[in-house]
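Please look over the sequence and the model below before reading on. The text then goes through the confidence, the sheets, the helices and the core.

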Amino acid sequence: MASPKTFRDPRRSHLETKSVIIAKFRNLLEEVLIRELSWILLLLIVGVILMGCGEEQENVVKEEKENTRPAQEIIWEKDGAKMVLIPAGSFEMGDHLDEIKRSQPVHKVELDAFYIDIYEVTVGQYKQFLLETEHQQPSWDWIKKYSPMDDHPMINVTWYDAVAYTEWAGKRLPTEAQWEYAARGGLVGKRYPWGNEKADGSQCNFADKNAPDDFFGIDQIADDGYRYTAPVGSYPANGYGLYDIAGNVWEWCSDWYDENYYSNLPVKNPQGPDFSPINLRVLRGGSWGNNAPYLRVADRIYYAPNAGHAYRGFRCVSGAD
Ligand SMILES: [Ca+2]
Ligand SMILES: [Ca+2]
């Protein structure tokens, strides 16, 4: 018996061929897509890894930069003084407001960064200096009257006493320019470390209503709470975190005094004149025994370097490197 002849519908055959072609095309497309997607995925993974490494690298560089930056506040090991970093910069030194002849002309000064004591040197710190050296003892009975406790500012120091202390501690007296730059606390052209407001007893210790009656120019209304010196840090700090920069005790600077120096000084890190025609050293900031005009950041007075007084003390600076 003859096998039945297979009939093949030509239309079906055409359809099958078409299906095969579509299937093959789909497979090819899938292969291509998978291959391309794999590449894209691989590239994405590599990108993420590289970005991560970049961030890590950036963080390392950032950390290194931060580690090489000087600390903002330090404790000076020798005398235990807290010091704050005053950033490098420039300012207009001198009197903008009151025509103080000895503080003019106003002139631009540029300074490197430096550290400065946030408090005046205290009686306690000065006692430690005396314990470790053979420096001459002061008259303690007299000092106790004005600065009775260890946390009061050291007084009755001559410029030479102050320099001897800085040499023992490994520091220096501030230059007049450093003192004024630090005293301004970042304010520009203001009268006092806190701004232009009149001293009322809340900002610092000066010759207020508590001062001895025979003092000249006492402010009979202001009340700062102290007849003589106050413990250091009893009033608000200025913009750089410095206390008692105005008032409490006058602060010796390293500079000789010359009334013409402001007309003839270098812009960068001025160190004061080479000598004083009248053999005087600069003091800054006013004291418990002075009225408000002496508290001005631009004002400057001067005394013989061997002249101590109950109004006079100091604070120290150090380089930032
Ligand atoms: Ca006072
Ligand atoms: Ca002071």
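How many contacts beyond four places in sequence does the model have for residues 52–67? It has zero, and pLDDT stays under 50 over that stretch. Here pLDDT is the predictor's confidence in each residue, from 0 to 100, and two residues are in contact if their C-beta atoms, placed from the backbone, lie within 7 Å. Residues 1–15 also have pLDDT under 50 throughout, and for them the model has one contact beyond four places in sequence. For the protein, the mean pLDDT is 87, and 78% of the residues reach 70 or more.

This is a predicted model, in which local features need pLDDT of at least 70 and side-chain atom pairs count only at pLDDT 80 or more, while totals for chains, interfaces and linings use all residues. Residues are numbered from 1 along each chain as its sequence is written, and chains are lettered from A and ligands numbered from 1 in the order in which they are written.

The protein has five helices and 10 strands. Helices (H or I, at least four residues) and strands (E, at least two) are DSSP runs, numbered from the N terminus. Of the 321 residues, 37% count as buried. A residue is buried if 20 or more other C-beta atoms lie within 10 Å of its own, exposed if 12 or fewer, and partly exposed in between, with C-beta atoms placed from the backbone. Among contacts with a separation of 6 or more, 72% are between residues 24 or more positions apart.

One open sheet has four strands in the order β1-β2-β5-β10, with antiparallel pairing. Two strands pair if DSSP finds at least two bridges between them. β1 and β10 (317–319) are at the edges with a single partner strand each, so one side of each has no neighbour in the sheet. From one strand to the next, the twist averages 30°. Axes for such angles are lines fitted to C-alpha atoms, for helices over the stretch in contact, and the angles run from 0 to 180 degrees between N-to-C directions. Within this sheet, β2 (residues 81–86) and β5 (residues 114–117) run antiparallel and are joined by four bridges. I86 has F114 of β5 as its bridge partner.

A second open sheet, also described by four strands, has the order β8-β7-β6-β9 and mixed pairing. Its edge strands, β8 (301–303) and β9 (312–313), each pair on one side only. β6 and β7 run antiparallel, joined by three bridges, and W252 stands opposite L283 in β7. α5 packs on this sheet and touches β6 and β7, with its direction at about 140° to that of β6. On the β9 side, β6 pairs in the parallel sense over two bridges. E251 has bridge partners in both neighbours: R284 in β7 and G313 in β9.

Why is β6 described as largely enclosed by the rest of the structure? Seven of its seven residues are buried, so the strand is largely enclosed. In a regular strand the side chains alternate between the two faces of the sheet. In β6, W250, W252, S254 and W256 are buried on one side, and E251, C253 and D255 on the other.

G170 follows α4 and has a positive phi, near 80°.

In α2, V123, Q125, Y126 and F129 are buried. Their arc is also only 160° around the axis, which places them on the same side of α2. L131 and E132, on the other side, are exposed. The buried residues of α2 pack against β2 and α4.

The largest nonpolar core has 65 residues, of which I116, A182 and L295 touch the most other members. Such a core is a set of buried Ala, Val, Leu, Ile, Met, Phe, Trp, Tyr and Cys residues joined through C-beta atoms within 7 Å. β2, β4 (107–111), β5, α2, α4, α5 (176–184), β6 and β7 each supply at least two of its residues. α5 gives the largest share, five residues. Leaving out residues up to four places away in sequence, A182 touches I86, I116, Y240 and L242.

Terms used
Arc of directions from axis to C-beta.
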